[in-house]
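Colleague: I would like to learn how to read a helix and its charged pairs. Please take them one at a time.

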Amino acid sequence: MLKSIEKLRKYFRLEDKRGYDDESVMGGLRSILSTWEGEARADGLPESIIQAVSSRLRDYHRLSEKSRKVSLVGLWRRIKREPSIAAALAEEETRPGFSAAPEEPPAQEPSAEPEDDSPQEEVTAPQVATPEEEDAAPAESASPQEESPKPAISPPSQPAPTPKEAQPSPAPTPKVDMQAPLTEISGIGPKRAEALENLGMTTVGDVLYNFPRRHDDYSKLKPIRDLEYGESVTVIGTVKKASTRTVRSGKMQLAEAVISDKSGPLRVTWFNQPWVARQLLRAKQVVLSGEVDQYLGRLTMNNPEWEELDEILLHTNRIAPVYPLTQGIGQRWMRGIAHKAIKNYAPYVEDPLPQALLEEASLIPLSEALVNIHFPESEENLKAAQHRLAFDEIFTLQLGVLHQKQVWQGKRGRVFKSPNFWLAPQLSRLPFTLTEAQKKALSDVRNDLISGHPMNRLLQGDVGSGKTVVAAMAMLIVTRHGAQAALMAPTSILAEQHFESMREVLIGTGSELAKDEVRLLVGATPAAEKEAIREGLVKGEIKVLIGTHALLEETVKFKDLQLIVIDEQHRFGVNQRGTLRQKGENLHLMVMTATPIPRSLALTVYGDLDVSIIDEMPPGRQPVDTYILYPKERERAYSLIRAQVEKGNQAFIIYPLVEESDKLQEKAAVEEHARLQADVFSQYELGLLHGRLPENEKEEVMAKFRDGETQILVSTSVVEVGVDIPQATVMLIEGAHRFGLAQLHQLRGRVGRGGEKAYCLLVPGGAEATENERLLAMVETNDGFKLAERDLAQRGPGQFLGTRQSGYSELQLANMTDLRLIEKARRHAQALFKNDPALSRPEHKALWERVKLIWPDENGGDIS
């Protein structure tokens, strides 16, 4: 018997037994088509038969029970008329125990096939066939190896019941195939699936976890007359008028509308979105969400989100989800699809958290959380769902962190001792005394190197705090025992800077290293010198190598590499760190960053690393004076720059854009460089640096600035992490409100490194932005850690993660400033990990799969 035909007969019998309720298989008979059609073609069935089956089953759920019976009987009669199938069935029917297909009343054709992408009909939650129903066909009629169809939800396999088990038994708990394609959801056809892919959705699971951006509570809407300046609100109103006009000599188009409710009117404006006016006139009644602004004493809204009013939501006072959209996907359609997915699949999603943990942590079940994150009945239900799902995100990350740390600590690392009698003379050679923070960090490193396990340490400290010296001392300790060390920096200029500064520590008077034992390898290193360096590394003659990505080349091999130092580690990916680690066995690793890491991220994102903090600046380093200037005060900034350059100092002028843009009314580096050179600083040499320049040109521009050939460098934020310019004393940042706090602080750290008084001048794009919260924070403090906490609260964790994004892109709901949640998830993760560190118990299987999914190892694979 052909497998595809046998499957049809099996499900047709079950439908007959159940009274044609379309619940013999999860998702209805139409759900088997995605797998059945492929099997039918593999069996060589005629295309006419395949199309007939597909047409009938796709429409089956829309028929009445009586019509369903007629449809299936007629379809089975059509199948039996096919000669090849008829012969196989005739042979089957001669066997004892054969059960015929349903009785055949007069055939009746089904109704016409509906449109594929129609999501509006209500769908009831599916039921599962009982074991008796699943096994209704006799053993002779089906092969034990036969594959069953794979709809998005399927019941777990169970052995056929014996005669003694003839009494009804509870239906087994079905499982959702989270990787099932989007088209398993009724109403999503190929075109819609393609559009949803633009939103990152390709599976049933993606729809369930496509959380709303916000919820509009239709029971708590404000009338327009009660709106207050500065608040973010949702209002409903009627479109009284809508029109477009051009401004700024035709460079910008405005869509303007007056929206009114019974309490009063509200003027609304959209910039460079002229089509909005036409859409508003068609919509009549709309929902607006945005921040209330003010113009000429009247309250307004600029660029609010909007959608046509859904009357059903309004009259039911529902808390409505608002989803991210893309071209071809409307909000109402998206809600309909989400509702179907939640109703049909959410109750059957496997919960990875054990029941005991749910009770201990006071968490609601996952299925309940998924329902209420999309369609909550109340504000309390929504908060409970958000808490559960945010807990899941942090909890899973914590398990990954703990696993990574366990793996690392389980390895054996070579011991490198640094007795005090040896260390004291090395420190005395330095032209300065270490700060207490530097001494503490060095002590941490020394302990790591004698622990017998590989060091895995994050060394963080502000720009100029002295991290490089600590790294250099670690290199001396390792090379003292004959091993090798390497430092990798993100740019050639920075690598050269490290090379010059470290040579003072590594090969100064009294050092045990010779000049030729410390080498620099960057992309621009001549081929002959590269070859000599490679030979010296293999022979062990070179003890310390400092460089860029060139260190990752396959031809760069070490005789005995034991320590890797990675500077500005967030600039390097997991695979790059893994490549370096593979150049030695169980290497000691130190990663450095000048971006202060907030405590919450240190516990999660960097929780697998031991952390040392250098929070003390070297003696004599003066804080940079920071000021906010109105745009009209720009000439004062230019005067300060002239005065500083006349004294032999240098200046940076930073812009948010490379070139002018129609979308952002901000000054740009390319155009401003030309203007400044011609009209403002014609007596000086100005350099231009931005991310679109080829790497060799960037290096050349920075080298000229470092060597004093140019006095003023016009740049974008690419200099945020860069070369040390001791003579730079002015940092002028245009469009300062466009930058995050972490960026602003890093840029400020580029000046004042030579002991002279330095200045940071912040010029926002408009006078109203002078009260910008980030800019005011920059004036208040030079403490990078305080600024990092504020930046995390305002802009999220993205700027702190860099390339350490694997897994952290999964964070949709977790607030990385919520230390209570982080500590709670961490506490429960530690308790679970202590009892089952391998997550090998059956109840932890789903957890382990999720951890592996979002947490790759440093070698580029998963963590298993």
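Predicted model: local features only at pLDDT ≥ 70, side-chain atom pairs only at ≥ 80, totals over all residues.

Colleague: Which residues of helix α9 are buried?

Modeller: An α-helix has 3.6 residues a turn, so residues three or four places apart point the same way. In α9 (residues 275-283), Val 276, Ala 277, Leu 280 and Ala 283 are buried. They lie on the same side of α9 because they cover an arc of only 125° around the axis, taken from the directions from the helix axis to the C-beta atoms. Buried means under 20% relative accessible area, exposed over 50%, and partly exposed in between (1.4 Å probe, protein chains only). Helices (H or I, at least four residues) are DSSP runs, as are strands (E, at least two), numbered from the N terminus.

Colleague: What does the face turned away from the buried side carry?

Modeller: That face of α9 has the exposed residues Arg 278 and Arg 282.

Colleague: How many salt bridges are there?

Modeller: The count is 28, where a side-chain nitrogen of Lys or Arg lies within 4 Å of a carboxyl oxygen of Asp or Glu. One joins Glu 531 to Arg 534, with the closest N and O atoms 3.2 Å apart. Both residues sit in helix α19 (residues 527-539), three residues apart. Glu 531 is partly exposed at 37%, whereas Arg 534 is buried at 18%.

How values were computed. Residues numbered from 1 in each chain as written. Heavy atoms only, no water.
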